[in-house]
Amino acid sequence: MKWLCTANLDVILTVNNLMNVIIVTSAIGTKFGAIPISDRFSQTVAGLKSIKKKIPNSYVIFSDCSLEPIIGDTEEVRELVDQYFDYSKENSHNSIKYFSSQGMKSHGELFMIRECIEFCKSNLDMNSVDRIFKIGGRGILTDKFDLSKYDAAVGKYVFKTPVNSWIGEGVKLYETRMYSMHRDNISDYLSRWLSVFESCRGDFQIEHSYYKCLDPNMVFPFDTLGLEYVVSLFNQTAND
């Protein structure tokens with residue numbers, strides 16, 4: 001498997017203190033949604049800066065599959081992250097490009113996350129990792145984000161408290177703009193990955209699949225995560 005990144009992967013990375021890995025999934029250049037690409041870029045930069053501020057001891061992996069030209073200097077993004085995986089290139093991961101081009105966001109994102117986790121397992125000292133966070137590319141951590149709250153979630157996934165789905169009565173989902181797993185959950189996540197992937201069909205997306213496939217006893221729900229974002233479909237600001 002070929003990794004498209006900026007660092008020398010021959011060097012195995014280690015840290016003396018526990019750190020948090022932040023996987024940022026992104027599609028800056030896209031024709032989907034109501035937000036101009038230039039605004040998507042500026043929101044992405046703001047989000048990455050907020051991660052550095054709110055989670056200082058972090059290792060940031062930026063995973064982007066832009067199908068349209070990015071309006072903005074990508075070097076500004078590279079300077080804010082530790083790894084930059086660019087899936088827009090011709091020789092990049094075919095599955096991620098295919099699903100993204102078909103508007104199948106859930107499938108493409110699941111592949112991105114799995115690839116990033118496998119990269120971490122091969123190139124980081126996982127005993128030095130506390131949690132792996134997934135944050136959407138344009139999400140900005142606010143003053144309501146409190147990293148110390150996660151001390152109570154050792155061995156647990158953390159999602160925002162589940163809500164009712166838009167697809168029908170009695171169907172629930174986990175919001176997926178931001179969630180995390182403790183390092184002890186990684187094997188469990190990878191063992192359930194295929195079930196989550198295969199459950200994503202039609203309107204039943206990644207949010208529903210996580211709620212269906214993850215063990216609820218392994219989930220620690222937060223009422224507030226401390227994430228601000230702009231909803232792509234409506235270009236409106238919201239908070240988790």
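I began with S106, which sits in helix α4; helices (H or I, at least four residues) and strands (E, at least two) are DSSP runs, numbered from the N terminus. The model is predicted, so local features need pLDDT of at least 70 and side-chain atom pairs count only at pLDDT 80 or more, while totals for chains, interfaces and linings use all residues. Residues are numbered from 1 along each chain as its sequence is written, and side-chain values use heavy atoms, with hydrogens and water left out.

**Entry 1: confidence.** I looked up pLDDT, the predictor's confidence in each residue, from 0 to 100. The protein has a mean pLDDT of 88, and 92% of its residues reach 70 or more. Over residues 1-16 pLDDT stays under 50, and for this stretch the model has 33 contacts beyond four places in sequence; contact means heavy atoms within 4.5 Å.

Entry 2: Is S106 buried or exposed? I found S106 buried, because its relative accessible area is 4%; buried means under 20%, exposed over 50%, partly exposed in between (1.4 Å probe, protein chains only). Not counting residues up to four places away in sequence, S106 touches C200, Q205 and I206.

I then checked I186, in helix α5 (residues 186-199). I186 is buried too, with a relative accessible area of 7%. Leaving aside neighbours within four places in sequence, I186 is in contact with I117, K121, M126, I132 and M181. I also took the C-alpha to C-alpha separation of I186 and F62: 19 Å in space, at 124 residues apart in sequence.

Entry 3: In α3 (residues 94-101) I noted I96, K97, F99 and S100 as buried. The buried residues of α3 pack against α4 and α5. Just after α3, G103 has a positive phi of about 75 degrees.

Helix α1 has 18 residues and runs 26 Å from its first C-alpha to its last, close to the 26 Å expected at 1.5 Å a residue; the expected span is 1.5 Å times one less than the number of residues. I listed its buried residues, among them I37, R40, F41 and L48. They pack against β1, β2 (58-64), α2 (74-78), β4, β5 (140-141) and β11.

**Entry 4: largest pocket.** I used a 1 Å grid over the protein atoms alone: a cavity is a set of points where a 1.4 Å probe fits but cannot get out, and a pocket is an open set with protein on both sides within 12 Å along at least five of seven lines; lining residues have an atom within 4 Å of a point. Grid points are joined across faces, edges and corners, and a volume is the space filled by probe spheres set on the points.

The largest pocket has a volume of about 1,300 Å³. It is lined by 42 residues, of which R40, K105, E109, R138 and S232 are the closest to its centre. Which element gives the most to this lining? I found α4, with 5 residues. The lining divides into 17 nonpolar, 16 polar and 9 charged residues; Ala, Val, Leu, Ile, Met, Phe, Trp, Tyr, Cys and Pro count as nonpolar, Asp, Glu, Lys and Arg as charged, and the others, Gly among them, as polar.

**Entry 5: cavity.** I found 1 cavity of 30 Å³ or more. The largest cavity holds about 40 Å³ of space. Its lining includes I23, I113, F133 and Y179, and α4, β4 and β9 (178-182) each supply at least two residues to it. By class, this lining has 7 nonpolar, 1 polar and 1 charged residues.
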